[in-house]
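Open the model in your viewer and get ready to select a few residues and helices. We will go stop by stop, with a look around at each.

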Amino acid sequence: MIFSDFDKRMMSLALAAARGSAEAGEVPVGAVICQGETVLAVAGNHPITTADPTAHAEVAVIREAARKVGNYRLPGTTLYVTLEPCLMCMGAIIHSRIERLVFGARDPKTGAACSKYRIGRDGLLNHTVRIESGLLDRQCGALLVSFFSTRRQSRTDSQPDS
């Protein structure tokens with residue numbers, strides 16, 4: 001898949017949001033939503049700090065973009081996200097009528113765009129999403145691997161010696 005320079009800049013912005021989430025102790029996922037080349041919203045994951053299981057990066061940017069345009073529907077928009085969306089987020093993407101989804105790393109365990117499920121492009125719902133994957137996938141995946149490796153290491157370090 002060939003991505004534009006604009007696509008790459010937007011995924012870099014999503015990666016920056018993901019890094020911010022990691023610094024806050026959240027799983028490092030970031031998202032950006034654009035209408036044309038206008039950025040409507042940028043957000044990172046924050047379900048832990050907000051005690052809100054729906055506070056995924058995708059849901060946060062959809063909410064902010066909808067507020068900004070004054071409409072719960074977001075036709076003609078592109079959502080960039082560092083990790084393949086889950087079932088909940090794909091539902092929000094469908095309901096908000098996002099036109100295009102671009103994501104970095106695949107999620108083989110819970111990915112709902114193409115890895116586990118094909119929501120949004122399986123023809124079973126009232127809206128179809130153009131889905132493109134693999135943009136900056138190495139950087140997106142490396143951020144997640146590093147985050148979880150650090151967490152596992154800190155858990156090991158905090159365990160008393162036997």
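Start by selecting glutamate 58, which counts as buried at 3% relative accessibility (buried means under 20% relative accessible area, exposed over 50% and partly exposed in between, with a 1.4 Å probe and protein chains only). Before moving on, note that this is a predicted model, in which local features need pLDDT of at least 70 and side-chain atom pairs count only at pLDDT 80 or more, while totals for chains, interfaces and linings use all residues. Residues are numbered from 1 along each chain as its sequence is written, and side-chain values use heavy atoms, with hydrogens and water left out.

Stay on glutamate 58 and show what surrounds it. Setting aside residues up to four places away in sequence, Glu58 touches Ala31, Leu79, Val81, Leu83, Pro85 and Cys89; contact here means heavy atoms within 4.5 Å. The unreviewed UniProt entry annotates Glu58 as "active site"; UniProt positions are given in the numbering used here, feature names are shortened, and annotations may be inferred rather than shown by experiment.

Now widen the selection to helix α3, where glutamate 58 is found. Helices (H or I, at least four residues) and strands (E, at least two) are DSSP runs, numbered from the N terminus. Helix α3 covers residues 57-69, and its 13 residues reach 18 Å from first C-alpha to last, close to the 18 Å expected (the expected span is 1.5 Å times one less than the number of residues). Color its buried residues: Ala57, Glu58, Val59, Ala60, Val61, Ile62, Ala65 and Ala66. Their cover includes β1 (30-35), β2 (38-44), β3 (77-83) and α4 (87-96). Just past the helix, glycine 70 has a positive phi of about 70 degrees.

Next, select helix α1, residues 5-23, which spans 27 Å between its first and last C-alpha atoms. Its buried residues are Phe6, Asp7, Met10, Met11, Ala14, Leu15, Ala17, Ala18 and Ser21. After α1 comes glycine 25, with a positive phi near 85 degrees.

For the last stop, go to glycine 111, in the loop between β4 (100-105) and β5 (130-133). Is this glycine buried or exposed? Glycine 111 is buried, because its relative accessible area is 0%. Beyond neighbours within four places in sequence, glycine 111 contacts Glu84, Pro85, Lys116 and Tyr117.
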